[in-house]
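Visitor: I am new to this structure and would like to learn how to read it. Could we take a few features in turn?

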Amino acid sequence: MSIEKVREYFKSVGIEERIKEFSESSATVELAANALGCAPERIAKTLSFRAKDDCVLIVAAGDVKIDNSKYKAQFGAKASMLKFDEAAELVGHAVGGVCPFAVNDGVKVYLDESLKRFPTVFPACGSSNSAIELTIAELERYSGYLAWVDVCKPREV
């Protein structure tokens with residue numbers, strides 16, 4: 001199970017006890033915010049894309065959407081999300097629990113600038129009912145990210 005991979009990964013760095021598991025679903029931004037009792041924008045959603053031959057994960061704030069032109073300028077390809085049934089196979093986590101931790105080899109992780117306005121954020125932990133609160137520095141450290149990118153539309157105020 002995917003959450004077990006994430007739990008083992010976080011155990012190796014000594015923070016597995018910080019994983020939160022819920023009796024209800026946290027598979028969407030809104031459900032995760034309700035389960036955690038936080039603002040939806042603090043959910044660090046992980047979006048999975050195919051960019052040419054690569055599998056790319058973009059971790060972004062819960063209140064933003066991908067800007068297709070920015071994405072294409074960054075990755076040289078149209079923003080093409082993985083199909084529902086491809087995520088588990090290509091990323092290592094199923095839709096609803098996709099996260100940047102303990103992913104399959106070759107998956108490229110990027111953090112979107114939209115996250116930098118928060119001291120902490122809540123990414124999933126490999127299942128549709130889990131999350132962990134991390135500082136931005138911890139997210140950088142544990143996600144194995146390649147770079148910060150700006151591929152989202154400005155948030156609506």
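Visitor: On the other side of α2, which residues are exposed?

Guide: This is a predicted model. The exposed residues on that side of α2 are E30 and N34.

Visitor: Which residues of helix α2 are buried?

Guide: In α2, which spans residues 29–36, the buried residues are V29, A32, A33, A35 and L36. Seen down the helix axis they fall within an arc of 165°, so they line one face of α2. They pack against the strands β1 (20–21), β2 (43–51), β6 (120–123) and β7 (130–131). After the helix comes G37, with a positive phi near 70°.

Visitor: Where does S26 lie, and is S26 buried or exposed?

Guide: S26 sits in the loop between β1 and α2. Its relative accessible area is 7%, so S26 is buried. The S26 side chain reaches the backbone nitrogen of S130 at 3.1 Å. Beyond its neighbours within four places in sequence, S26 has contacts that include L31 and A32, along with G96 and N129.

Visitor: How should I read the cysteines?

Guide: A disulfide is a covalent bond between the sulfur atoms of two cysteines.

Visitor: How many disulfides does a search of the whole structure find?

Guide: The search finds zero. C38, for one, is in no disulfide, and the nearest cysteine sulfur, that of C125, is 13 Å away. C38 counts as buried at 14% relative accessibility. For C152, the closest cysteine sulfur is in C55, at 17 Å, which is too far for a bond. C152 also counts as buried, at 4% relative accessibility.

Visitor: And the charged side chains?

Guide: Side chains of opposite charge can pair when their charged atoms come close. This structure holds nine salt bridges.

Visitor: Which residue forms a salt bridge with R7?

Guide: The partner of R7 is E21, with the closest N and O atoms 2.7 Å apart. This pair links distant parts of the chain, since R7 is in helix α1 (residues 2–12) and E21 in strand β1, 14 residues apart. E21 is partly exposed, with a relative accessible area of 46%.

Visitor: What residue does E138 pair with in a salt bridge?

Guide: E138 pairs with R18, the closest N and O atoms being 2.9 Å apart. Here E138 is in helix α5 (residues 136–143) and R18 in the loop between α1 and β1, 120 residues apart. E138 is buried, at 14% relative accessible area, whereas R18 is partly exposed, at 27%.

Visitor: Where else can I look for a salt bridge?

Guide: Look at E113 and K116, whose side chains meet in one at 3.4 Å, N to O. Salt bridges that share partners also join E4, R7 and E21 into one network.

Notes: Residues numbered from 1 in each chain as written. Predicted model: local features only at pLDDT ≥ 70, side-chain atom pairs only at ≥ 80, totals over all residues. Heavy atoms only, no water. Buried < 20%, exposed > 50% of the residue type's maximum accessible area, 1.4 Å probe, protein only. Helix = DSSP H or I, 4+ residues; strand = E, 2+ residues; numbered from the N terminus. Arc of directions from axis to C-beta. Contact = heavy atoms within 4.5 Å. Polar contact = N/O pair within 3.5 Å; in protein donor to acceptor, adjacent residues only side chain to side chain. Disulfide = S-S within 2.5 Å. Salt bridge = Lys/Arg side-chain N within 4 Å of Asp/Glu carboxyl O.
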